[in-house]
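User: Hi! Could you walk me through this model, one question at a time?

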Amino acid sequence: GAVSGFSILLMRNFFQSIPMDILEAAKIDGSGQFRAFWSIYLPLSKAGLATVTLFEFVGRWNNLLTTLLLINNSSKDTLQVALYGLVDQGSSASSGNLVTTNVKMAGIIIAVLPLILAYPFVQKYFVKGIFLGASKE
């Protein structure tokens with residue numbers, strides 16, 4: 001449950017795209033499996049890791065259904081549940097307290113703001129990671 005199956009598949013394909021000659025050269029130099037992974041594969045996989053991190057962050061951030069199903073205490077609601085309540089309350093015609101469209105849009109901007117702030121840091125790796133992990137030889 002820590003990462004999605006798509007992220008695992010993407011990283012698997014990304015690691016398979018790295019030539020085996022690099023691992024063989026590291027073994028000749030006396031490096032073990034962990035050292036080769038830590039010193040060679042991990043730095044080479046920055047693009048794939050950044051892509052998977054962005055996908056997982058967006059997926060976890062927008063997760064509404066799991067929170068609605070598992071959390072019964074309204075004091076522990078996430079931002080997405082509060083936003084759903086705000087938009088849902090404003091859309092019902094029988095409600096005496098109607099929420100204006102401006103308040104709904106402000107809530108949506110607040111909910112999207114962390115994603116917008118995180119994207120520029122990951123953007124330079126994003127397209128490269130998608131294409132490198134999805135290539136098939």
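Analyst: Happy to! Let's begin with a definition: buried means under 20% relative accessible area, exposed over 50%, and partly exposed in between (1.4 Å probe, protein chains only). This is a predicted model, in which local features need pLDDT of at least 70, side-chain atom pairs count only at pLDDT 80 or more, and totals for chains, interfaces and linings use all residues. Residues are numbered from 1 along each chain as its sequence is written, and side-chain values use heavy atoms, with hydrogens and water left out.

User: Is Lys46 buried, exposed or partly exposed?

Analyst: Lys46 lies in helix H4, which covers residues 46-61. Because its relative accessibility is 48%, the class for Lys46 is partly exposed.

User: What distance separates the C-alpha atoms of Lys46 and Tyr125?

Analyst: Lys46 belongs to helix H4. Along the chain, Lys46 and Tyr125 are 79 residues apart, yet their C-alpha atoms are separated by 7.3 Å.

User: How many helices does the chain have?

Analyst: Helices (H or I, at least four residues) and strands (E, at least two) are DSSP runs, numbered from the N terminus. From that end the elements run α-α-α-α-α-α-α. With 0 strands, the chain has a helix count of 7.

User: Of the contacts between residues at least 6 apart in sequence, what percentage join residues at least 24 apart?

Analyst: Contact means heavy atoms within 4.5 Å. Among contacts in the chain between residues at least 6 apart, the share joining residues at least 24 apart is 62%.

User: Which residues make up the largest nonpolar core?

Analyst: A nonpolar core is a set of buried Ala, Val, Leu, Ile, Met, Phe, Trp, Tyr and Cys residues joined through side-chain atoms within 4.5 Å. The largest one has 6 residues: Phe14, Ile18, Leu23, Ala26, Ala36 and Tyr41. Helix H2 (20-28) and helix H3 (33-44) each supply at least two residues of this core. Apart from neighbours within four places in sequence, Ile18 from this core is in contact with Tyr41 and Leu44.

User: Which residue forms a salt bridge with Glu56?

Analyst: A salt bridge is a side-chain nitrogen of Lys or Arg within 4 Å of a carboxyl oxygen of Asp or Glu, and by this rule the count comes to 1. Both partners lie in helix H4, 4 residues apart, about one turn of the helix. With the closest N and O atoms 3.3 Å apart, the partner of Glu56 is Arg60.

User: Is Glu56 buried or exposed?

Analyst: Leaving aside neighbours within four places in sequence, Glu56 is in contact with Ala2, Val3, Ser4 and Ser7. Glu56 has a relative accessibility of 11%, so it counts as buried.

User: Which helix gives the largest share of the nonpolar patch?

Analyst: Patches are made of residues with over 30% relative accessible area and no salt bridge; like charges are joined within 9 Å, nonpolar side chains (Val, Leu, Ile, Met, Phe, Trp, Tyr) within 5 Å. This surface patch consists of Val87, Met105, Ile108, Val112, Leu113, Ile116 and Leu117, with about 560 Å² of accessible area together (Shrake-Rupley method, 1.4 Å probe; for residues, only the protein chains shown count as cover). Val87 is found in helix H6 (residues 79-91). The largest share, 6 residues, comes from helix H7 (residues 101-134).
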